[in-house]
Amino acid sequence: MSKKRALVTGITGQDGSYLAENLLSKGYEVLGMVRRTSTINFDRIRHFQNEVTIVQGDLLDQMSLLDILREYRPEEVYNLAAQSFVPTSWKQPVLTGEFTALGVTRVLEAIRMVDAGIRFYQASSSEMFGRVQETPQKETTPFYPRSPYGVAKVYGHWITVNYRESYELYACSGILFNHESPRRGLEFVTHKVTYGAARIKLGMAEELRLGNLEARRDWGYAGDYVEAMWLMLQQEEPDDYVIATGETHSVQALCEAAFGYLGLDWREYVECDPQYFRPAEVDLLVGDASKARDRLGWEPSVRFEELIQLMVDADLKALQMDKG
Ligand code: NAP
Ligand code: GDD
């Protein structure tokens with residue numbers, strides 16, 4: 001039997017790298033879409049780069065998406081590419097809308113034109129819940145986005161639902177709460193804290209400057225969350241699912257966990273810096289993933305403390321290797 005073929009947009013990102021590995025382990029042929037950059041940024045995929053087919057394309061370029069689908073004919077498309085950093089979305093709101101909102105329509109249009117039988121996964125976000133209308137948040141909770149990024153993701157979510165209903169595409173929107181790993185970008189708060197604490201422990205830094213310590217998030221492990229993406233595309237009917245741990249912790253609790261694991265008192269090192277506060281904040285996120293548990297059989301395997309510890313351990317190891 002021939003291998004199933006999947007296209008992953010955003011393969012060079014955190015989730016793209018875990019999803020590609022996951023699909024390879026299931027026997028898929030994986031196509032990874034990358035955009036042209038002057039320096040190759042394959043750090044997260046170098047260890048399996050030879051096992052995937054890299055294809056050039058950009059969410060801004062409709063023809064490139066059409067060409068990829070026409071040439072490779074994947075059965076599944078996972079659209080993970082986006083401008084994904086919330087603060088940047090206030091600095092570049094139009095570009096964020098182009099990538100994160102309209103980019104979804106471009107992928108859906110390409111699918112509709114080339115092969116309406118392709119199964120589609122859209123990387124939606126708990127950031128859509130923003131100023132939360134109920135707690136915990138689930139699939140039926142109304143959206144109230146609080147950033148240009150959140151607004152763009154609401155568009156991406158609804159255009160996915162709309163193409164499912166208009167053209168009977170098998171299109172799913174995964175509403176994923178924050179998920180982290182040693183491959184997380186260093187600008188996101190979990191990795192900023194674990195990396196910063198590890199540097200302080202090794203005598204490489206003296207302080208860590210952060211923004212709002214009171215914000216609360218439902219943080220899970222990226223490796224668990226990519227399995228949920230795949231499960232969504234294996235069902236009889238397409239649908240939308242919340243993916244979350246059901247636990248919420250503050251940024252302060254994150255500091256306590258990371259510094260505490262290293263035997264340090266976070267209060268001696270963390271400084272609040274107004275530059276990291278946002279024009280509008282999402283104060284509290286906590287998800288109810290019971291639909292995913294009941295219908296997909298999905299459960300998170302890594303909890304908050306363990307997640308932070310595995311990130312601190314990975315940062316310490318990498319920094320010690322750099323030191324030589
Ligand atoms: P990430 O690490 O920032 O990766 C984003 C990926 O998108 C990168 O591979 C990036 O390529 C690519 N990309 C950006 N603009 C592009 C464009 N115009 N054309 C083609 N590729 C482009 O993000 P992530 O954490 O893996 O998240 C994956 C997806 O899930 C994103 O859509 C994000 O918004 C969404 N999401 C993430 C979380 C989370 O907690 N991680 C939660 C909910 C939803 P370069 O390497 O070239 O920059
Ligand atoms: N990045 C950052 N840096 N955040 C800080 C800092 C800091 O120095 N200090 C406090 N925070 C707070 C932010 O104000 C926010 O409330 C929280 O930490 C989490 O920030 P991020 O880690 O940047 O993630 P996010 O929740 O804004 O967005 C991530 O999760 C979304 C899902 O809810 C991203 O991965 C999005 O792409 C994703 O959709």
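How far is an oxygen atom of ligand 2 from an N or O atom in the side chain of asparagine 178? The separation is 2.7 Å in this predicted model.

**Domains**

- The chain is divided into domain 1, made of 5-179 + 220-243, and domain 2, made of 186-217 + 248-284 + 302-323.
- Between the C-alpha centres of domain 1 and domain 2 the distance is 27 Å.
- Contact across the two domains involves 15 residues of domain 1 and 11 residues of domain 2.

**Ligand 2**

- The shell around ligand 2 holds 23 residues, and Ser125, Ser126, Tyr149, Arg278 and Glu281 come nearest.
- Serine 126 has an N or O atom in its side chain that is 2.6 Å from an oxygen atom of ligand 2.
- For lysine 192, a polar side-chain atom lies 2.8 Å from an oxygen atom of ligand 2.
- Ligand 2 exposes 710 Å² when taken alone, and the protein buries 95% of that area.
- The shell around ligand 2 is made up of 10 nonpolar, 6 polar and 7 charged residues.

**Ligand 1**

- Ligand 1 has 25 residues around it, of which Thr12, Asp15, Arg35, Ser84 and Tyr149 come nearest.
- Arginine 35 places a polar side-chain atom 2.7 Å from an oxygen atom of ligand 1.
- The backbone is also involved: a polar backbone atom of alanine 82 is 3.3 Å from an oxygen atom of ligand 1.
- Arginine 184 has an N or O atom in its side chain at 3.2 Å from a nitrogen atom of ligand 1.
- Taken alone, ligand 1 exposes 910 Å², of which the protein buries 90%.
- Helix H1 (14-25), strand E5 (119-125) and helix H5 (148-167) are the elements that give two or more residues to the shell around ligand 1.
- Strand E5 gives the most, with 3 residues.
- By class, the shell around ligand 1 has 10 nonpolar, 10 polar and 5 charged residues.

**Glutamine 14**

- Glutamine 14 is found in helix H1.
- With a relative accessible area of 8%, glutamine 14 counts as buried, because that value is under 20%.
- The side chain of glutamine 14 reaches the backbone nitrogen of arginine 184 at 3.5 Å.
- Beyond its neighbours within four places in sequence, glutamine 14 is in contact with Arg44, His179, Glu180, Ser181, Arg183, Arg184 and Ala222.

**Tryptophan 90**

- Tryptophan 90 sits in helix H3, which covers residues 86-91.
- The relative accessibility of tryptophan 90 is 26%, so this residue counts as partly exposed.
- Tryptophan 90 and serine 147 are 57 residues apart in sequence, while their C-alpha atoms are 7.1 Å apart in space.
- Not counting residues up to four places away in sequence, tryptophan 90 touches Arg146, Ser147, Pro148, Arg278, Pro279 and Ala280.
- Among these, Arg278 is also one of the residues that come nearest to ligand 2.

How values were computed. Residues numbered from 1 in each chain as written. Chains lettered and ligands numbered in written order. Predicted model: local features only at pLDDT ≥ 70, side-chain atom pairs only at ≥ 80, totals over all residues. Heavy atoms only, no water. Near = heavy atom within 4 Å. Polar contact = N/O pair within 3.5 Å; in protein donor to acceptor, adjacent residues only side chain to side chain. Areas by Shrake-Rupley, 256 points an atom, 1.4 Å probe, with all protein chains shown as cover. Helix = DSSP H or I, 4+ residues; strand = E, 2+ residues; numbered from the N terminus. Nonpolar A, V, L, I, M, F, W, Y, C, P; charged D, E, K, R; others polar. Buried < 20%, exposed > 50% of the residue type's maximum accessible area, 1.4 Å probe, protein only. Contact = heavy atoms within 4.5 Å. Domains from an automatic or database assignment.
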